[in-house]
Amino acid sequence: MSDFVMPSLGADMEAGTLLDWYVKPGDAVKRGDIVALVDTSKAEIEVEIFEDGVIDELVVPVGVRVPVGTVLATLRPAGAEVPAAAGAPVQAAITTRAPAAITTATPTPAAVAVAQPPAPLPPPSPPSAPPTPSAPGTIPAAAGANHRLRVSPLARRVAEQLGVDLSTITGSGPNGAITRADVEGGPATAVRTAQPTVGPSPPPEPVDRHAAMRTAIGALMARSKREIPHYYLQQEIDMSRAIDWLRETNLQLPITDRLLPSALLLSAVGRAVVEMPEMNGFWIDGAFSPGSGVHLGVAISLRGGGLIAPALHDADRMSLAEIMAGVRDLVQRARAGRLRSSEMSDPTLTVTNLGEHGVDLVHGVIYPPQVALVGFGAVRERPWAAGGMLGVRPTVVATLSADHRAGDGHTGSRFLTVIDRQLQKPETL
Amino acid sequence: MSVAPAKTITYREAMREAIREAMVADPRVFLMGEDVGAYGGCFGVSKGLLDEFGPERIRDTPLSESAFVGAGIGAAMGGMRPIVEVMTVNFCLLALDQIMNNAATITHMSGGQFAIPVVIRMTTGAGRQVAAQHSHSLEGWLAHIPGLKLLAPATLADARGMLAPALADPNPVLIFEHGSLYNLEGELPPDAGAVDIEQAAIRRPGADVTLIAYGGTVPTALAAADELAAGGIEAEVVDLRVLRPLDDATIIASVARTHRAVVVDEGWRSGSLAAEVSARIMEQAFYELDAPVARVCSAEVPMPYPRHLEQAALPQPTAVVGAVRSLIGAAADE
């Protein structure tokens with residue numbers, strides 16, 4: 001028997017609302033099947049299961065918001081005997097399972113995100129931290145609606161000034177209220193002990209997704225700027241070869257299959273990362289942990305505002321046509337709110353391309369716990385000096401925001417140089 | 001110029017010195033009240049003054065608070081500077097009509113033609129086993145009334161120094177002397193003189209919490225602060241001194257430093273001065289607060305006669321310490 005838990009669909013996710021089950025007890029599932037639909041504050045995500053087996057019990061009913069790490073369902077090996085409890089109504093299951101769900105949810109959302117770095121096959125096992133007993137006799141309040149952080153006015157003010165995400169803080173004040181000292185102690189020292197809530201609850205209130213997303217982005221970006229010592233590099237890259245090649249190539253292709261410069265840029269980054277694996281991965285617990293695979297996070301702005309950066313899996317091994325198709329698919333599904341859990345948790349390096357908006361360059365904010373972010377501005381004709389002559393060539397300014405804990409400017413500048421080199425031989429992309 | 005040595009004096013004697021000085025300084029000043037003459041005052045404050053100043057200026061009155069408080073108000077309107085002693089704040093209720101409808105209003109209703117420079121002294125508070133008709137702290141009721149100034153001397157210097165500015169004030173001034181303070185003894189320079197009657201005072205500086213007290217609860221707060229200090233919590237003790245108009249600036253400045261406040265008030269909690277102070281902190285220093293404002297007040301019962309019940313009903317240092325610890329939370333459990 002194993003547990004299927006609420007996955008961390010990005011470092012900014014602390015909890016998710018189960019919107020739908022696509023399976024029922026007794027259904028056989030295999031690795032990669034989409035079994036549930038989960039609403040993070042950013043989007044509705046189709047969640048895959050990473051183990052073969054038979055659904056034994058659906059622990060969390062539809063409409064309930066639970067923290068990352070909470071057991072959503074249990075899975076038994078195919079062919080195993082059906083326990084007596086199987087088939088019991090979900091409501092009953094909740095009653096008996098809820099405390100267990102809470103204890104396994106004890107690791108902080110941040111810790112879960114950190115302890116389970118996005119990998120091609122995220123471990124389906126429950127978090128390895130020992131269960132922390134819940135306070136005896138405390139019945140978690142119904143999820144969502146009546147959960148409000150206890151924060152002193154002063155602490156709230158100081159947190160705002162310092163850009164601290166209060167949800168990451170443990171209160172030491174009266175009845176667990178967060179005080180100024182807790183805020184100033186910061187999330188690094190605080191351990192979140194507030195028990196997340198689980199249990200039957202009325203249908204979730206309509207979410208102001210735009211506001212929720214702004215909050216989530218704000219919290220994550222504030223964390224990034226607070227924790228990650230960014231350094232920034234920029235390099236103007238001559239795109240004349242790449243653009244010429246693209247024009248020639250596109251002449252041979254039907255209009256629907258034509259390639260865009262952005263595909264070249266993504267491909268160049270993907271191949272550069274293979275040479276420079278130190279840019280591809282995560283900073284976890286004071287050490288660099290390389291990503292297994294090159295899964296480029298593609299920053300996609302959503303209609304009505306907001307941003308999401310799902311993974312383009314194995315971008316280093318994709319052809320340009322595959323990249324075009326992959327990005328198009330991601331954009332469509334991101335805007336329709338139908339991304340998959342692996343796409344949310346897997347990115348190893350994020351690429352942001354603001355060129356279509358006409359900006360020259362972008363100094364991005366790293367998406368924790370990744371160690372770098374590559375930005376591209378517009379490809380446009382600019383004056384270019386070469387061989388003692390001033391000419392006009394299409395160029396792009398590539399920027400790198402990188403975590404100084406994981407590497408130095410020297411590494412970063414080599415990375416940009418490698419990207420440049422890739423773009424000078426577009427036929428190999 | 002030689003500095004005279006400080007002399008040991010009690011709160012009672014300091015009050016008496018203040019009255020004597022006022023009598024000597026201004027022939028318009030006189031004292032009247034129940035048993036203030038031959039008996040020397042119910043609490044012995046005026047002992048000896050009859051011999052010194054004679055029955056014209058140290059006047060025993062009938063047992064009619066309404067009559068003699070009213071007479072005092074009338075004398076003040078007529079140009080005198082009366083000091084009226086009311087035995088306890090409970091008894092002043094008999095004169096509440098005079099205090100509220102005359103003393104507090106005549107300046108206003110006469111378009112400023114009449115000042116009411118009367119001083120009404122009264123004993124307040126419990127702790128002496130005189131039960132439910134002589135022990136209450138009703139300062140909060142009187143502090144409700146615009147047109148009055150209310151003083152609560154809690155130290156020898158204030159007992160000695162508040163009367164002169166009170167008499168000089170054109171408004172009616174009520175002075176509340178907590179019965180438990182009369183035997184307070186300490187050193188006071190012989191040249192100790194008038195003090196301000198505008199501001200609250202910080203009796204003990206501290207960084208972690210503000211204890212706001214007045215009159216009889218100032219020693220309570222100071223005792224609590226000592227106990228807290230032993231546990232590593234530095235409490236700042238603010239003595240309100242002036243109950244109306246409240247010195248918001250001192251209170252708010254202290255809370256802005258400590259971010260926590262406990263109001264210690266011997267009045268009943270409901271509708272108390274503590275409630276007023278607490279509300280002002282919330283209004284003016286909400287974003288400075290790291291914990292809710294707490295109050296330690298008297299139990300909402302008629303003051304009991306048996307000593308153990310009376311003590312149980314009153315704000316005690318241990319209760320103040322407990323309130324502070326609850327505000328500081330887990331940090332206090334280290």
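The structure is a predicted model, in which local features need pLDDT of at least 70 and side-chain atom pairs count only at pLDDT 80 or more, while totals for chains, interfaces and linings use all residues. Residues are numbered from 1 along each chain as its sequence is written, and chains are lettered from A and ligands numbered from 1 in the order in which they are written.

**Chain A overall**

- Chain A contains 10 helices and 20 strands, where helices (H or I, at least four residues) and strands (E, at least two) are DSSP runs numbered from the N terminus.
- Of its 429 residues, 45% are buried, meaning that 20 or more other C-beta atoms, placed from the backbone, lie within 10 Å of the residue's own.
- Among contacts in chain A with a separation of 6 or more, 68% join residues 24 or more positions apart; two residues are in contact if their C-beta atoms lie within 7 Å.

**Helices α7 and α10 of chain A**

- Helix α7(A), residues 261-275, packs against helix α10(A), residues 409-423, at an angle of about 125°, with the axes 8 Å apart; axes are lines fitted to C-alpha atoms over the stretch in contact, and angles run from 0 to 180 degrees between N-to-C directions.
- This angle makes α7(A) oblique to α10(A), a term for angles that are not under 35 degrees (roughly parallel), over 145 (roughly antiparallel) or 65 to 115 (roughly perpendicular).
- Residues of α7(A) in the contact include Leu264(A), Ala268(A) and Val269(A), and those of α10(A) include Phe415(A), Val418(A) and Ile419(A).
- By class, this contact has 8 nonpolar, 1 polar and 2 charged residues; Ala, Val, Leu, Ile, Met, Phe, Trp, Tyr, Cys and Pro count as nonpolar, Asp, Glu, Lys and Arg as charged, and the others, Gly among them, as polar.

**Helices α3 and α4 of chain B**

- Helix α3(B), residues 65-77, and helix α4(B), residues 96-103, pack at about 25° with their axes 8 Å apart.
- That angle makes α3(B) roughly parallel to α4(B).
- Ser66(B), Val69(B), Gly70(B) and Ile73(B) of α3(B) meet residues of α4(B), including Asp97(B) and Ile99(B).
- The contact of α3(B) with α4(B) comprises 4 nonpolar, 4 polar and 1 charged residues.

**Contact between the chains**

- On chain A, 12 residues are in contact with 12 residues of chain B.
- The most comes from α3(A), with 4 residues.
- The side of chain A that touches chain B has 6 nonpolar, 4 polar and 2 charged residues.

Definitions and conventions:
Buried ≥ 20, exposed ≤ 12 C-beta atoms within 10 Å, placed from the backbone.
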